[in-house]
Each structure stands twice: as structure tokens, then as C-alpha cells.
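Colleague: I am new to reading models. Could you take me through this one?

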Amino acid sequence: MNKVVQIISVLFIIAFAKASLAQDIQRIEPPFWWAGMEHSQVEVMIYGENIASYSGEIESELPIAKIRKTENPNYLFITLNTIGKNAGKYEVEIYTGISKITVDYELKERSINSRNRKGFDSSDAIYLVMPDRFANGDPSNDSTDDTVEKANRDFKGGRHGGDIQGIIDHLDYIDDIGATALWSTPLLEDNDEKYSYHTYAQSDLYKIDPRYGSNEDYKRLGDELHKRDMKLIMDYVTNHWGATHWMMQDLPTQTWIHQFDDNRGKDYPVDGYANSSYRQTTQMDPNASQIDDTYAEKGWFVSTMPDINQGEPLALNYLIQNTIWWIEYAGLDGLRVDTYSYNEKEGIAAWTKAIMKEYPSFNIVGETWMHDQSQIAFWQKDSAIGALRNYNSGLPSVMDFTLHDAIMKVFDQDEQKWNDGMIHVYENFVNDFLYPDIDNILVFAGNHDTNRINGDGLYNGDLKKYKLAMTLVLTTRGIPQLYYGDEIGMAGNRDTDGDGDIRRDFPGGWNGDEINAFKNPTDYQKGFQDFTKRLLNYRKNKPVLHTGKLLQYVPENNCYVYFRYNDESRVMIIINNNPEAITLNLNRFKEGIDGKENGIDVLTNQKINFSDSVKVPGKTSMVIDLDNQKRKERFF
């Protein structure tokens, strides 16, 4: 029976000479492309039963640069050259000898100045949300017919119903607290039977999970952010897909994913599966054994996440084109790449450089979860450490996990010893010389994979400790990132209660919630919220905190002092981690004060006179603006 299949905006018109040879084209990816792209040769994957077996001559109104078939006859890869072609629909005809398939492939008009879009940078502050747990704007899509797992808000590891509409509904809240960019954990379809809410085991890379909304909803999210002069960052996964990905059921080629036949004597649940060693230090280890390097790079993250082989040109180009497609379609301003250091080094470098070639002013931050500054710096573009191993990832930004490690303990260390207290923070910045672009690293107190900073077993909802931590994150070098709910003192402990506990629902995001922290926070929540809003909005309008130099002093008495400065502006930051008040002799800080007589503590709006000393209460921070010498001034 003849069949017409329409996927997004691509129309397939299938004409048959004999009904017995009817072909069902099930997918075409990318579903469309754009005129005027740097990546002008688009490799179109056509998927349908025996499509390659029956394909004979192929004619196209777009020049054909290459045709590739694999051992799986259900796939046909046709590379179309779009150089010099205008937006419009172009026919591609595939002759089977006794029938013909006609595909109208569309080139869309590219957005004005799309190539030169400016990515997020150190002038931004990023707000990270886990969409399933942030806000439920459309209860009608909590469960859908074409996805397996249904909503169950009573289960910490289940789907709770948060969605794209819920994020859009609260963009004014995010804007109001002072964030300028939104990073959402993945929104693409994840059709796992359970625990699918995190969406890192994706089942379709061209489709927003219907429980979050539609592709059009995601584009609308980007548009709404841009109306507010805010940016959208997509969480992209290059290392692995989900076992339920449609392609895993019918691989284009056996080399599409990494497969193992020895399993090192272990009884694994999936054929071809071997677990990653998680020892990503082998990636730069000059003494690493080949077997350790193999299992680190090519082992699967878990058995439900097949490891993608970026060494397979078809798979690598699929990832490159899919990424560019989303940037262009949704108007993205940046990417956060999950498990960046788990990828094959050369493959992920090729992917990164291809994206940056298409968008030279874009930004990509990689999850480089290591505990040594040199190992993190290895992954940043033009790293001298990477050069020692003849490697350059091309990755603009990395994540400062060593600062996060310090924050996770330092504000519980009331006494400064040789290796305790604020010295942890100071020593982290001592190693800034290892990074080729110190302003372009992501700094954070916590995220969706770490214990909540206000959680039980860490800072236990202590507002003073939260203020110390966030003063550091929001005033030091780099790009600050805030995890949703931290700004209202939300708790959660992964170690004792699992991932679901650090990914709690934001109170007020669901109809019927007893507390609505978006509109009517409790006194407890408001204390966190007010501080965060004050400091974030000050930072937003203070360029010296974006790109100014960092001048730091060795901590004394568990009190850490540093300055952010440039030729025009200067800010003094004091973080007293001592439970007792201390008095600072300002003679020591003359270099940073630079002859200024006074300043304004923006946290209290109080004037600070620089005579001989400044008294700082216990467990208190100060952010002293030195640019206004004659009068006390409100900054926001």
C-alpha cells in the first residue's frame, strides 16, 4: 500500500511501479538544512526497509557529493552540496529500476547574522534547571501515548511533569534574580522504562520529549529568552545514547557504537557491553596501558547507554550535523557537553572544532569532572598541557570542579590550619596559570549531579554559609552557574537519598503546592533569595567582575581577601570564614585598595572607610565597590 510519510517539514512523495516493491521511508535526518552554511555538504540519512538494496541511479537538483551504503540495507547516506543554492525545496529522485522515490529536501533561509551569534561568556550568570522538576506548565503532557514511563510525582526517581511551558512561565523570575542565561538539562526524547526524567539516555536526537513539549516549544523558549536579552544553552550528549534509541534497534553499521567481545570475564546484561572504568585520567596519562585507555574511552557509561564511536565517520558527522541543526533551529547561544572527557579524544575534538568553525563566536563548556587543575586545563582549547600530549580539543570552556570540591567542605572548616579553611580556595586560584583562558571557565557551588549546598550533611540550610559560598562564586573569575532551588535554600543529599533528592520539585511549580517560592517565599526562602538577587543583579551591571584581573591575598585567620580590578574599576571582596569577628589591617591591602579612601559594601549598602582597619563580623562576606568615593550610592 502506498504510504506518504511526513516528518517535520520534509515531504516524501513515493511513487511505485509495482505495489509489491513499496518502500516505507521512515526517517530522513537532518529533516531539512539551511542555505549559506559553512557546513555546506549535508549528509542526508534516509532510513527505510531495504532502501539501499533497491536504490539504483540517484538524481538530484542539489549536486550529489557522495553516496554511501553500509552493511545494513535499511540505510542510505546521500551527501548533498548546497554551496550557492538558495532557500527552497529541491527534488532528490532514487530509482529502483522499476519504481522511483521522490524526496523534496528543503533548504531554509538562515537567520540574519546566524554565523556570528555570540555565545555565553563571563558577563553572564547561568541558571541551571532540571525541567522535569522545575515547573509544570502543561499538565496535559505529563504522560503521553508514545512514551513508556508515565508521571508519578510520589516517586523521587519518576517523572513529575515539569516541562518547557513551566520554564517559559517563570522566565521573569529567573530574569529578576539576575541570571542572564538558562542551561536546561537535556530535553530530547528519552524513552527508557524508568528513571527517564534526567533525559541523558536519549532515544531520538531530533525530537523534544513530548512530556516536555514539542520542537516548536523549545524554539519558543529560545525566542522568549532572547526577548529578555537572555541566552539559551543546550545540554548536549556526544558520548552515549539510550538503549531505546531507535537506531540502537537497527544499527546503520556495527561500528556505530563501541562493542566488546571479551567483557573481561564478566557477566554483563547486554551483548557487546563493557562498562567504562570511569578513570578518565588515562586520557592524558603518558604511562597508560592500552587496555586501560580503551575501557576509559570506549566503555559504556552504564548498560542502558551505548557508547557512541566518534571514530566512525558516519556517526561523527551525524553528531556534528545534529548539533548544528539544533543551534540553527532553536537559536541556541551555547552548549554544555555532558561527559566530555569520556569521549574519544580525537573524535570529540573534531566535533568541537566543526561546531566552532560554523559559529566562531559561539561557546561550548565541557563537563570535565576531574579533581586536579592540570587535568581539567588539559581539555581547554590551546592548552599548553594538552600540547605536551600533542592534543588540542578546541573546547572553549571547561568546568572548575576543583573550586567546587573546595566549596563542598571549606565553609564547615571554622579554623584555618596549614591545609584547611580558606587556603583551599586560595590554592585553587594559584593554579590559574594552567588555563589558557581563565575568564572562560564555569564556576559553581553545585549542580544536578552533586549534593545540594544547603542540604543535610553539608551546610544544613545555614544562610551565612550560603552567603559565603555564593559571594565567592559570583565575584571570582569565570562564568558563574547557579543550580535551581539553591537560591531558596532547597535541601537534598545524594549520598543518603539518591539522585531524586538533589532534584526536588521547585515549590510552587505545580498547581496545589502549599508553598510558592516563585511568588510568596517563606521567610527562610526569602533570606536566600534576597541575597542572591542583590548580588547577581550587582554583578550583571559590573563589568570588572566579568573580565577584571584577580588579585588575591594568602588567607589569614580563615579570612580570604581578593580584588577584581581593571584600569577603570575596582572591587574588594572579603570572605571571613572565621566564626569570630576579625579586624583587618588595611596596610596589607594597599596594592588592591590603590589609594581609595572608602567604598560601599553592596551587600549592606554601607559606606566603608579605609582608615587603618576594617572589622568584619564572623561568617560574613563583604563586597566593597571602590568606584564611588564621595557618596553612598545604591547600586540597584
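What follows is a short exchange on a helix and some aromatic rings.

Modeller: This is a predicted model, so local features need pLDDT of at least 70, side-chain atom pairs count only at pLDDT 80 or more, and totals for chains, interfaces and linings use all residues. Residues are numbered from 1 along each chain as its sequence is written, and side-chain values use heavy atoms, with hydrogens and water left out.

Colleague: How far apart are the end C-alpha atoms of helix 8?

Modeller: Helices are DSSP runs of H or I, at least four residues, and strands are runs of E, at least two, numbered from the N terminus. The expected span is 1.5 Å times one less than the number of residues. Helix 8 has 14 residues (345–358), so it should span 20 Å, and its end C-alpha atoms agree at 20 Å.

Colleague: How are the rings of Tyr553 and Phe563 arranged?

Modeller: Rings of Phe, Tyr and Trp (its six-membered ring) pair if their centres lie within 6.5 Å; planes under 30 degrees apart are stacked, over 60 edge-to-face, the rest tilted. Here the centres are 6.1 Å apart and the planes at 65 degrees, so the pair of Tyr553 and Phe563 is edge-to-face.

Colleague: Is Phe563 buried or exposed?

Modeller: Buried means under 20% relative accessible area, exposed over 50%, partly exposed in between (1.4 Å probe, protein chains only). Phe563 has 0% relative accessibility, so it counts as buried.

Colleague: Which residue has its charged end over the ring of Tyr212?

Modeller: The rule wants NZ of Lys or CZ of Arg within 6 Å of the ring centre and within 35 degrees of the ring normal. At 4.9 Å from the centre of Tyr212 sits the charged end of Arg159.
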